[in-house]
Amino acid sequence: MRFGKVCRYRPEENDLLIEAGCGWQPGVIGHVISRSDASSPQGRAFTTGQPAICDDLREENAFELPAFYAAHGIISTIDVVIKGDDLAYGVLDVDSDVQHNYDQHDVDFVTAFANVVAEAVATSARTALLKRTVGHMQVLVDKPRKSEERFRTVVEAAPSALVMSNGDGPIEMVNTQAVRIFGYGRADLVGQKMDMVVPERFRGRYPAVRSDFFTDLLFPPMRSGAILLGLHKDGHEFPIDIGLTSIKSNGDDLTLSTISDISERTLLEAQLRQARKMEAVGRLTAGIAHNFNNLLQAMMSSLELILEDVTDRPETLEYGQIALRAARRGGELTHRLLAFSRQQLLLPRALAARHMVGEVANLITSTFGPNISLTILPIPDDLAIMADAAQLEAAIRNLAMNARDAMGGSGRTTIEAYRADPRAEMALAPGDYVVIAIEDTGTGMDEATIAQACEPFFTTKAVDGSGLGLSMVQGFARQSGGDVHIVSAPGRGARVEIWLPPLMQPETEGAEPVAPVQKIVRGRVLLVDDDAAALVTVGAFLRNAGYVVTAAATGGQALAMLLAGTQFDAIVTDYALPGSNGIDIRRQACEIDKTLPGLIITGYYNAGLRDAVDGSLILRKPFSRAKLIERVEALVASRRELAAKSSDGAG
């Protein structure tokens, strides 16, 4: 369950009071306080001004937590400062009774929401100030010149634009803020109607120019919160928050309009909506990829088994190989979906940038055609990256294909790699990064296209594009601790940069180390999967390789066999199982048999799986028979090696 609370800072008491929230038991909101120092998560965020993240409070000894944390079972928490004009208003706190590993996406989302809360608090304060201002104005209006001067001082000091007009519509008075936000001088505004600062299509909606606004002496004021568009002198439109109050003065019906430029607030709200939309799309795509991977695994496994039996029928063999290649392309598509949602399995390692770029260049040159040239600028030998090799190669290849398509069969593509610090407009933490840039001489993109280029399913290739290429590249880069930056203009080509964290001491340049070939070690394998098709096909892979396979449809069945004393050389288990998961099954199996090695096969990946299990013990669906047998051979060999060492020690 998720909990949320807003903690208001009280300067007199120097503490943080829970002012509002959701999910809490009675007696928390409005009563519970925390110290405003680093002894609490919210106090740490308030004192440092930086997000305070605690993935597991059970392992955090630095905090003195109030009793209600334990009463609600709070495990994970993220706290972000709610900013104020001079002093922070307080802290926005999101808590969970389920352990959660927060990433930068979570921090950005909570920070955006905290900014909206800050704007709401500021708007509330401005509204209260304006109400007091109006009260002072009504008291001072009949006083002599000194009172009039005070009135004008209050009006000029008001943080929002004040515009007073009479019942017929002409403006009689404006303050400095009105001059600033609309761009006109006082003389330009006084005597004109409010129509002047409202776009034509909205003028009929402004009550101050309608006579029926004054037909009832008890007409209620139009409170702040009505959103319209204002019209600046230079012609641009901007969103405004407007409140209207009718005033009787010397027999005249007057309207006092309080107007605030809410462009920044509107932008923050749009960013929050976009963040929510992308989060929802990410969850949807991750779920689709998980189910699709399971289907593809059954298809690919069945096809590999079928192809063994049709080697003497060339035509049937060719059709089967076509189907197998199509299934593998489907697997690549699901990996793109997972990359977009940042749910893919990454196995980062040290990579020499020059070698990586050279390897990819050899693959893509043949696809460019005779009229497209590829230039690789000199790359330093010591330039190294910490990233997943397969995903980085796919990202560079993807960008190169986009460059080829943008040039229409003729042009020049340049690839370079270098170290750089992020520019001010980029959403990256300061520091040293490695940049891999792919630049083309194609048609280029306008600003609107650049803004959407990395969104899922957006494409400029009509029916030929999936719209997942750039979103996949961006997802991979962000999951790796970097980002993607695009520089382009219509008719001037495009430059797409992948920013990744560097490795200061690169590994020796060359091919990836290859594990020594081992003789196949046959043994007994416990296979656990709730998908019947997976049990059949994956089991067939193992049996054909000489293993004795025992199948279990649930984790409970598998553990019961181990408890009964049945001996196995390895356990291969699906990650997503009814009522449990592969991590728990593997852990409980090791409690029964401490030397039993395990392999988790999965079509879905999350941070919990990455943190709990070494990447070499995870096999992502859809996988080939060769990859499965390679992993199982290594597991069984390690089991027997441990047994041999134990036997030698006993002797």
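**View 1. Pairing of strands β15 and β16.** Thr413 has Asp440 of β16 as its bridge partner in this predicted model. Strand β15, spanning residues 411-420, and strand β16, spanning residues 433-440, run antiparallel and are joined by eight bridges.

**View 2. The five-stranded sheet.** The strands follow the order β13-β15-β16-β18-β17 in an open sheet whose pairing is mixed. Its edges are formed by β13 (372-376) and β17 (483-488), each of which pairs on one side only. On average, and with direction ignored, neighbouring strands of this sheet are turned by 15° against each other.

**View 3. Packing of helices α9 and α10.** Helix α9 (residues 353-364) packs with helix α10 (residues 389-406) at an angle of about 50°, and the axes of the two helices lie 10 Å apart. Because of this angle, α9 is oblique to α10, and the crossing of the two helices is right-handed. On the α9 side the contact is made by Met356, Val360, Leu363 and Ile364, while α10 contributes Ala389, Leu392, Glu393, Ile396, Arg397, Ala400 and Met401. Of the residues in this contact of α9 with α10, nine are nonpolar and two are charged, with no polar residue among them.

**View 4. The two helices against the strands.** Helix α9 lies across β13 and β15, and its direction is at about 170° to β13. Helix α10 lies across β13, β15, β16 and β18 (494-500), running at about 25° to β16.

Definitions and conventions:
Residues numbered from 1 in each chain as written. Predicted model: local features only at pLDDT ≥ 70, side-chain atom pairs only at ≥ 80, totals over all residues. Heavy atoms only, no water. Axes fitted to C-alpha atoms, helices over the stretch in contact; angles between N-to-C directions. Helix = DSSP H or I, 4+ residues; strand = E, 2+ residues; numbered from the N terminus. Parallel < 35°, antiparallel > 145°, perpendicular 65-115°, else oblique. Left-handed = near helix turned anticlockwise from the far one by under 90°. Contact = heavy atoms within 4.5 Å. Nonpolar A, V, L, I, M, F, W, Y, C, P; charged D, E, K, R; others polar. Pairing = 2+ DSSP bridges.
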